[in-house]
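Here are some exercises to work through with the sequence and the model side by side. Try each task yourself before you read its solution.

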Amino acid sequence: MFLKCKTAVVILLTFLSGSVHARQSILLEAGEYQLVSGEKHLCRNFALSQKDTLGKYITIADQYGFEVGKSRHVIESDIDPQCEFREENRFENTASETLLVRLNQEYCRAKVRSSTRSEVRLQAQRIELRHEIDGASYTCVWEKQTQ
Amino acid sequence: MRSLKAILSSFLALLVLTGFDGHQRYVELNGRYNGRSSANFYTHETNTLSVLARGTRGEVLEYRKLTSGNYGLRIKVLNGPHSGRVFWIYHRPRSSSVTLFTEAPPAWGSHSTRQTSSVEEAHGMEAVTDVNAKPAPSQDLVDIVNDSNEKMSSLQKPPCNNCSYQPVEGLDSLLRPATRRPVAKACSKLVSPTGTLGPQGQTLYETMAAPQYAPYYTARNALGDFCPKFNKLTTSEKLYAWTWFWTALAHEESSCDMTKEHKTTFRDRRGRLRVLNPHEGYGLWALERDRNIRRWRGAACSNISSVSGQAHCAIDIMVNTQLKRGRTAAVRGGGYWGPIHRGKTQLMPHMRRLAICF
């Protein structure tokens, strides 16, 4: 009897734990996205499948990868043993849009060597990306093709 | 005499390093070693090309640290029957039968090696637990690479054993001579001016021929407009054409400099700071320098510190962003590399040198 109770508790805890850690979902529809504003050579037209919108990562225009969730990553450089790469990801969901922010920095001998910040706002059929790197920035907007 | 020997021994002990930290450039084998075509050292692998005899000396072209803490060393043999050929050997620093040098000892060149005819004679220094990200090539692949190189050798001048710059002679080579914009001299490590695969070209070729990539790289019309006769080529010719494509792209991106740091911004005519690339690029094919940014690309791009690591990553990106999506290499308005979008002006002049494609 004790074992049965214990098993039930374990199953319940597992279920609850799963709910708490359920993957965050984004407000974006699958389909073909066309650039309506921004620089063509930095922001290309692209397509998203249903699977792409449900993954742990989402990639915009083949180049801008975002983690869907809040996280931090520190990893040593494979190129220079004196350097390491740091990344912070932020995730916010409101009723009308999902905000994903990613900050990447390279530290060499405790000093910042380079810094990149990407921010993307996802609405059902609209994507707005702002990208900053080494003191320069640009914004691109895509909209879903309806036909 | 004894004191002289002691002094000489001390001197040699200073020169010779038993450990390996990536700075050693030369190696001498004190036992028999399997010479492999790739850095896969499972005992059951079929990538052993030859057995290297005791006394074999080589130059370390590249190394790879394995999960066990041991190393795979890619060496170019400098003496004996395999002189000029390139192999991977296994190196276990704690109990190795290799001697490593930071500089070539002056006495080298006066010794000969003993021939070994059988793979089974090579004693096993190799672990069975090391796993490498690079897939193990099959015996078919080894045959394809060897056949391809033999074919190229028979078509032209002697093969590029040291893979340095060789002058173009005649028009009977696989590559037509460059009329306007030759590729940088450093690109001869990929493909020599006469068309022979260099050590880095072999790595590219082998990686594309791996089971998970070959179906995409040999698929119908995979090179698109860059090689109109692609569908008429044999498998080895297709992979050779792709190797030349990667060489041309490496030239356009980095002048074949594997440590090239690619800029992210530039000043326009009005002096405004503009973005050239969304991420800083590195190496032959301007791969993303930041390892975190590369993270979502998967294991193939986890380490780009070596040419083989860069090749593996670039080959994987091409598959995932173009070939797997039904696109060819000559895609416009998508994909990773700028010179591909500007293919007509940047890549086509190089591709037109490949006679088998046009």
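## Exercise 1: Confidence

Task: Find out how many contacts the model has for residues 109-139 of chain B, and what the pLDDT is there.

Solution. Two residues are in contact if their C-beta atoms, placed from the backbone, lie within 7 Å. Step two: residues 152-172 of chain B also have pLDDT below 50, with 41 contacts in the model beyond near neighbours in sequence. Where pLDDT is low, the predicted coordinates should not be read in detail. Step three: for chain B the mean pLDDT is 77, and 74% of its residues reach 70 or more. The complex gets an ipTM of 0.80 and a pTM of 0.63 from the predictor.

A note on reading: this is a predicted model, in which local features need pLDDT of at least 70, side-chain atom pairs count only at pLDDT 80 or more, and totals for chains, interfaces and linings use all residues. Residues are numbered from 1 along each chain as its sequence is written, while chains are lettered from A and ligands numbered from 1 in the order in which they are written.

## Exercise 2: Two chains

Task: Describe the secondary structure of chain A and its contact with chain B.

Solution. Step one: chain A has two helices and 10 strands. Helices (H or I, at least four residues) and strands (E, at least two) are DSSP runs, numbered from the N terminus. Along the sequence their pattern is α-β-β-α-β-β-β-β-β-β-β-β. Step two: the contact draws on 26 residues from chain A and 23 residues from chain B. Among the elements of chain A that each supply at least two residues to this side are β6 (83-93), β7 (98-108) and β8 (111-122).

## Exercise 3: A sheet in chain B

Task: Work out the strand order of the open sheet that includes β9 of chain B.

Solution. Step one: the order is β9-β12-β13 in chain B, with antiparallel pairing; two strands pair if DSSP finds at least two bridges between them. Step two: β9 (261-262) and β13 (287-288) of chain B each have a single partner strand, so one side of each is left without a neighbour in the sheet. Step three: two bridges join β9(B) to β12 (residues 281-282) of chain B, and His262(B) has Gly281(B) as its bridge partner.

Next, look at the loop between β12 and β13 of chain B, where Ala286(B) sits. Ala286(B) has a positive phi of about 50 degrees although it is not a glycine. Is Ala286(B) buried or exposed? Ala286(B) is buried, because 25 other C-beta atoms lie within 10 Å (buried means 20 or more other C-beta atoms within 10 Å, exposed 12 or fewer, partly exposed in between, with C-beta atoms placed from the backbone).

Technical notes. pLDDT = per-residue confidence, 0-100.
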